[in-house]
Amino acid sequence: MEETYKDRTSLVKGAKDIAKEVKRQAVKKVNKAVDKAQDGYTQRSYNRFQDEEDDDDDYYVQGGNYGVEVNDDEGSSEATEGHDEDDEIYEGEYQGIPNMGQGKDGMVALGQPMHDEYKDRHELETERKADEEELAQQYELIIQECGHGRFQWALFFVLGMALMADGVEVFVVGFVLPSAETDMCIPNSGSGWLGDIVYLGMMVGAFFWGGLADKVGRRQSLLICMSVNGFFAFLSSFVQGYGFFLFCRLFSGFGIGGAVPTVFSYFSEVLAREKRGEHLSWLCMFWMIGGIYASAMAWAIIPHYGWSFSMGSAYQFHSWRVFVIVCALPCVSSVVALTFMPESPRFLLEVGKHDEAWMILKQIHDTNMRARGQPEKVFTVNRIKTPKQIDELIEIESDTGTWYRRCFVRIRTELYGIWLTFMRCFNYPVKDNTIKLTAVWFTLSFGYYGLSVWFPDVIKHLQSDEYASRVKHFRNEEVSHFVFNFTLENQIHSNGEYINDRFIMMKFKSVIFEDSLFKNCVFEDITSLNTYFRNCTFMNTTFYNTDLEQYKFVDSELINCTFFHIRTGCQISFDDDYSAYWIYFVNFLGTLAVLPGNIVSALLMDRIGRLTMLGGSMVLSGISCFFLWFGTSESMMIGMLCLYNGLTISAWNSLDVITVELYPTDRRATGFGFLNALCKAAAVLGNLIFGSLVGITKSIPILLASTVLVCGGLVGLRLPDTRTQVLM
């Protein structure tokens, strides 16, 4: 009996094993049938795919009812619905959205079919590469079916606000620096840190947020980085200490650094090939609008010191802080608008999220068709190729590790993933392109920022020379019993004697007293700027409510003198900065001058090609930069600056388009972020070199900028032409 029972048990178990094996073989046949249909689909127009059917759908299995049917009208396959605890779970099936077939290999990255575990990584990467090439062709057809309309224009303005915020961030530091230096009593040795630290933050942010955009998505990365920028930009307008102000501007720059690589990657992935070059160039105009906005707001707000208020002597809120708040508005606007926009469908397909990508593409199609007055037009795409997903096993220590240790492991893992994606930018076939793009980005940034961002210093230096040439000298004055109640400006008084004189309600601007005697004098309600007393003698003199601190008395002797209510710190007054209006106006003109270049580049980008525009613009910019050497007046220098900016903007626009088109989707934002970070590093280097030479000679930095621009343009001509390529 026992042997009979054992034999019967063995037979039952064997039958079950045979049934399960037959079931697996049936599922494999279904997968092969679907893959065969999929291959046929890629050879025909996808809008005819839904009409095709398999002739061999049903498979009948002995030993049990394991019927498998591929149903065109249902969103799931029965091939993977019935299983017992010993069955393998096939996770490749499609779920939820209308689809041609289910249980198919490589269509949705919820897992890997069973047979993939026997393949090495090289084979999986080869299959993924083939899937990506097929997806690139199919996605271009889908975007063409969706059309170009209301959705793209809505996204255009939303991303434009983010790009506008980046343009504002570049200009805001140069505009607030003179006022912030005075308000916070920043010494000359520390003033350069403000501009450099913002670029440092933008450099790190561009690399980090660009890499993160390839990990978590374009929209998500852009939302976070713009929120960081808006928060710290707003906070920096209220802080009082210079160190805390630097800290806030550092993180503000870190946040805005991710705008450019993410915005261009995001927008390029919803544009068809014939629209991409033109509309990415139009998008670049928002950077110019940001510069114009910053210049106009600085011109309108900073000089109005009547807008300031104070709470005691510890807290001062001047108009330049109002300007900082106003400059944060484009960033806040972009964050609010981004919450209503979807993720890039191209990114979702790249990471295997077929359902979400299909729904967003349908949304794009329906939005554009409704705007065209064709709401009845149906989105005919049922099935989109998704690349094979290669899973990475990561141990998070969820059972034994503490929460902060798990967070640390997660952050370290994400950073390591960003680094691996960055290193893939130097693998074949994009390695040569990365090296050439590195040279072009560095040279263009070095030349452009080296001259444009620090160009106000050139104007200020020319004005200072002119101002110094009009200085008035007074020697051997003898003044007694006189009341001075007017402004003294740009004067040098030597070997004078002032006896029983009263200096009341006065302003001293760039006034120097040398080897002079003040006896029985009174200084009351005095405001001074660049005013010093060198080797002077004060006897029985009273100082009341003045800002004449000890450092303004150089090698001077004070005998029996009295100080009452001395105003310590720096007293800010726009009237003291004779060149501020002029600087704002020059930046406004220089930014406005790029408008013609933007229009020309947008109209000709797809006609003459990216490379012709890039190389030609950089060479012409180098030539115009060279002619700045012969500028002998402010008006001539400003005119050449406007010409230089107008020519350079075409190079920037074409370089942005080429960069997004040369990198594949899985590393597009990372590569763009790296190059944008290099751009900021070159800008800092250019600022340091040109800034150190601006007071000595102007020929060296101008010749240097001209040389690097021409060389960079020649390298740019060696890049591959991407005008006729689909987005990889």
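**Notebook: a buried asparagine, a covered helix and a cavity**

I began with Asn 587, which I found in helix α16, residues 580–592; helices here are DSSP runs of H or I with at least four residues, strands are runs of E with at least two, and both are numbered from the N terminus. The model is a predicted one, in which local features need pLDDT of at least 70 and side-chain atom pairs count only at pLDDT 80 or more, while totals for chains, interfaces and linings use all residues. Residues are numbered from 1 along each chain as its sequence is written, and side-chain values use heavy atoms, with hydrogens and water left out.

Is Asn 587 buried or exposed? I noted that its relative accessible area is 11%, so Asn 587 counts as buried, a word that stands for under 20% relative accessible area, with exposed meaning over 50% and partly exposed in between (1.4 Å probe, protein chains only). Asn 587 lies 55 residues from Cys 642 in sequence, and I read 9.5 Å between their C-alpha atoms.

I then turned to α19, residues 634–662, where 24 of the 29 residues are buried, and I therefore wrote the helix down as mostly covered. At 1.5 Å a residue the 29 residues of α19 should span 42 Å, and this agrees with the 42 Å between its end C-alpha atoms; the expected span is 1.5 Å times one less than the number of residues.

Next I looked up the cavities, and the structure holds nine of 30 Å³ or more. On a 1 Å grid over the protein atoms alone, a cavity is a set of points where a 1.4 Å probe fits but cannot get out, and lining residues have an atom within 4 Å of a point. Grid points are joined across faces, edges and corners, and a volume is the space filled by probe spheres set on the points. The largest cavity has a volume of about 240 Å³ and is lined by 17 residues, with Val 260, Trp 287, Tyr 449, Trp 652 and Asp 656 nearest its centre. Which helix gives the most to this lining? I found that α19 does, with four residues.

My last entry is on Arg 321, which lies in helix α9, residues 319–327, and which counts as buried because its relative accessibility is 0%. The side chain of Arg 321 reaches the backbone oxygen of Val 239 at 2.5 Å.

For the whole protein chain, I recorded 21 helices and 16 strands, and buried residues make up 52% of its 728 residues.

Key:
1 Å grid on protein atoms, 1.4 Å probe; cavity = no way out; pocket = protein on both sides within 12 Å on 5 of 7 lines; lining within 4 Å. Polar contact = N/O pair within 3.5 Å; in protein donor to acceptor, adjacent residues only side chain to side chain.
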